[in-house]
Amino acid sequence: MRFAPAAAALSLFFAVTASVSIANETDIEPRAAMLIAQGQAALEAGETQAAIDAFEAALVVDPGYTPIFIELAQASRAEGLQGKAIRYYREALARDPGNFAAISGEGEALVEKGALEKAQANLARLTDLCGDTCPETLALQARIAAGVPERLAEQLAADAAEETTANN
């Protein structure tokens, strides 16, 4: 009998916490939805910094809505900030480990940074989760097949040559 009030309070706490976390994931604050739409329009217009600003504002308005991190990551990749994009994809994955868009996007950003082996690991994970024919798997396969961007390949080759020269 002594534990009944504590147990009741604890169960009430878990019930409320669970319902709040579920609501945050599926329901988006209307202001955040408006900001996301603005960010997507800016990104389509090639205004990556304006898109990032809109997505960051949406994140402030509704920090519990995981898809904002995917949008931020895509805008960061478009801006050439693959490291920042990977951080956003990983935040989305921490919140939703089975998010296909985050796994695929992170893999694509890894390819863009030259980390093909890590991108292959993402591809294997994605294939296990959604199969060979899901759109995210196909997109990541295509990005890996395209290889490291030319400008990065040239930079990596120059860095390797510089390192070889320095070691001799």
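Buried residues are defined here as those with under 20% relative accessible area, exposed residues as those with over 50%, and partly exposed residues as those in between (1.4 Å probe, protein chains only). The structure is a predicted model, in which local features need pLDDT of at least 70 and side-chain atom pairs count only at pLDDT 80 or more, while totals for chains, interfaces and linings use all residues. Residues are numbered from 1 along each chain as its sequence is written, and side-chain values use heavy atoms, with hydrogens and water left out.

A salt bridge was assigned where a side-chain nitrogen of Lys or Arg lies within 4 Å of a carboxyl oxygen of Asp or Glu; seven salt bridges result from this rule. One of them pairs Glu56 with Lys84, with 3.9 Å between the closest N and O atoms. Because Glu56 belongs to helix α3 (residues 48–61) and Lys84 to helix α5 (residues 82–95), this pair ties together parts that are 28 residues apart in sequence. Helices (H or I, at least four residues) are DSSP runs, numbered from the N terminus. Glu56 is partly exposed at 30% relative accessibility, as is Lys84 at 29%.

Within helix α5, Glu91 and Arg95 are four residues apart, or about one helical turn. Their side chains form a salt bridge with an N to O distance of 2.9 Å. Glu91 is partly exposed at 32% relative accessibility, and Arg95 is partly exposed at 36%.

A further salt bridge joins Glu112 and Arg143, whose closest N and O atoms are 3.7 Å apart. This pair links distant parts of the chain, 31 residues apart, with Glu112 in helix α6 (residues 100–113) and Arg143 in helix α8 (residues 135–146). Glu112 and Arg143 are both buried. Through salt bridges with shared partners, Arg77, Glu108, Glu112 and Arg143 form one network.

Technical notes:
Helix = DSSP H or I, 4+ residues; strand = E, 2+ residues; numbered from the N terminus.
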